[in-house]
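Here is a short tour for a first look. Keep the sequence and the model side by side as you read.

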Amino acid sequence: MEKLPPQEKVCEAWSALIDGRVSVSGSTAEVVSSNGEKTYHLKWRDRLMFSDDNSTYWQGYAGYPVIAVLMHRGLLPYDEGAARLFSGIDWHALNKRHKRDYAAAVSEVLAEAPDQDRADIERSCRQVLEALSTLDLTLTRKRTL
């Protein structure tokens, strides 16, 4: 992975998994957005992976749908306890309210969480990004693999 995402994308991936918005079939997957308005499509072959979410397609880093699918497939660690803290969040509205300041959005979600939970979230996010950095995976814009 050439470019790593902001660690807050891990929190969005946890939400997608804990809320049951990820479906995988063979070498394809769909991830429904947190507000239900979009469905992202992913596919992979060998070490190539395509996703039509904005972060992956336009920014060139693994967006939350990619991270969620890699967790679902067992290629990245998944912390179910951490994921529970992010269940039911409308990330679209939250990120819009914070003008795409992802760290501020996550901070709002965790404002009431005990310090230990926040420290655990930070540690788990770092572990996911560390594992992501070691994957021999190339993101592609080519829809046909």
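## A buried serine

This is a predicted model. Start at S124, which touches W14 and D79, leaving out residues up to four places away in sequence. S124 is found in helix α7, residues 115–134. Is S124 buried or exposed? S124 is buried, with a relative accessible area of 3%.

## W14 and its contacts

Now turn to W14. Beyond its neighbours within four places in sequence, W14 is in contact with M71, Y78, D79, A82, A83, F86, I121, S124 and C125. S124 and D79 are on that list, and they also touch one another.

## The nonpolar core

W14 belongs to the largest nonpolar core, which has 41 residues. Which residues have the most contacts inside this core? They are W14, M71, L76 and F86.

At least two residues each come from α1 (8–18), β2, β3, α3, α4 (80–84), α5 (91–97), α6 (102–109) and α7. Helix α3 gives the most, with seven residues.

## The sheet

Five strands form an open sheet. Their order is β1-β2-β3-β4-β5, and the pairing is mixed. Which strands stand at the edges? They are β1 (22–25) and β5 (138–140). Each has a single partner strand, so one side of each is left without a neighbour in the sheet. From one strand to the next, the twist averages 20°.

Strands β1 and β2 (residues 28–32) run antiparallel, joined by four bridges. V22 has its bridge partner in β2: V31.

## A helix across the strands

Helix α3 covers residues 64–72. This helix lies across β1, β2, β3 (39–45), β4 (48–51) and β5. Its angle to β3 is about 55°.

How many disulfides does the structure hold? It holds zero. C11 is in no disulfide, and its nearest cysteine sulfur, that of C125, is 3.9 Å away. C125 is in no disulfide either; the nearest cysteine sulfur is that of C11.

Both cysteines lie inside. C11 is buried, with a relative accessible area of 1%. C125 is buried too, at 2%. C125 is also one of the residues in contact with W14.

Conventions:
Residues numbered from 1 in each chain as written. Predicted model: local features only at pLDDT ≥ 70, side-chain atom pairs only at ≥ 80, totals over all residues. Heavy atoms only, no water. Pairing = 2+ DSSP bridges. Axes fitted to C-alpha atoms, helices over the stretch in contact; angles between N-to-C directions. Contact = heavy atoms within 4.5 Å. Buried < 20%, exposed > 50% of the residue type's maximum accessible area, 1.4 Å probe, protein only. Disulfide = S-S within 2.5 Å. Core = buried A, V, L, I, M, F, W, Y, C linked by side-chain atoms within 4.5 Å.
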